[in-house]
Amino acid sequence: MADSVVLDPVDLHLLRVLQNDARTTYRDLAAQVGVAPSTCLDRVARLRRSGVILGHRLQLDPAKLGRGLQALLSVQVRPHRRELVGPFVERIRALPESRTVFHLTGPDDYLVHVAVADMTDLQRLVLDEFTARREVARVETRLIFQQWDCGPLLPPPPPGGAPAGGSPSA
């Protein structure tokens, strides 16, 4: 595990609350976690400095932005060489339809989450932006019917210990 940070129950509680609503004020956050507002401010600042908190994002509804069809594209790149990886990823990241790009192990090299207007737009994207590239050997498309967000991301529990992120004891 690379550069993991030791988090105590207060840190975990702060992270859980902030992941559920990143707009929570420090005063409300402090009250929910049971610490002084100054302690809350210091803790969140430390979590940012240590890289645990990477930023805050606004979550938008793709359908309300005219991108009601979402898909996962499994992409095989040949040859799969370092000098092709960077330019390929940068090009895909620059596409307005791209939401997330994963570099994978296994038969597929990339998994790309895209949001498009409709099936015609998806076909245009696959043909003009993916399969038209010399290094792309294969693209498989899977439509997304529905998506659910899961609970907050917390560190795994220690072996044989209590689950991480349990409520701090008073």
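Angles between axes under 35 degrees count as roughly parallel, over 145 as roughly antiparallel, 65 to 115 as roughly perpendicular and the rest as oblique. Axes are lines fitted to C-alpha atoms, for helices over the stretch in contact, and the angles run from 0 to 180 degrees between N-to-C directions. The structure is a predicted model, in which local features need pLDDT of at least 70 and side-chain atom pairs count only at pLDDT 80 or more, while totals for chains, interfaces and linings use all residues. Residues are numbered from 1 along each chain as its sequence is written, and side-chain values use heavy atoms, with hydrogens and water left out. Helices (H or I, at least four residues) and strands (E, at least two) are DSSP runs numbered from the N terminus.

Helix 2 packs against helix 3 (residues 37-49) at an angle of about 100 degrees, and their axes are 8 Å apart. Helix 2 and helix 3 are therefore roughly perpendicular to each other. In this contact (heavy atoms within 4.5 Å), Tyr26, Leu29 and Ala30 of helix 2 meet Pro37, Cys40, Leu41, Val44 and Arg48 of helix 3. By class, the contact has seven nonpolar residues, no polar ones and one charged; Ala, Val, Leu, Ile, Met, Phe, Trp, Tyr, Cys and Pro count as nonpolar, Asp, Glu, Lys and Arg as charged, and the others, Gly among them, as polar.

Helix 2 (residues 26-33) also packs with helix 1 (residues 9-20), at an angle of about 130 degrees and with the axes 10 Å apart. That angle makes helix 1 oblique to helix 2. Helix 1 contributes Val10, His13, Leu14, Val17 and Leu18 to the contact, and helix 2 contributes Leu29, Gln32 and Val33. These residues divide into six nonpolar, two polar and no charged.

Four of them form an open sheet in the order 2-3-1-4, with antiparallel pairing; two strands pair if DSSP finds at least two bridges between them. Strand 2 (98-103) and strand 4 (136-143) are the edge strands, each pairing on one side only. Neighbouring strands of the sheet are turned against each other by 20 degrees on average, direction ignored. Strand 1 (residues 69-77) and strand 3 (residues 110-116) run antiparallel and are joined by seven bridges. Leu72 has His113 in strand 3 as its bridge partner.

Rings of Phe, Tyr and Trp (its six-membered ring) pair if their centres lie within 6.5 Å; planes under 30 degrees apart count as stacked, over 60 as edge-to-face and the rest as tilted. The count comes to one aromatic pair. Phe88 and Tyr110 form this tilted pair, with 4.9 Å centre to centre and 45 degrees between the planes. Phe88 lies in helix 4 (residues 82-94) and Tyr110 in strand 3, 22 residues apart, and the pair thus links distant parts of the chain.
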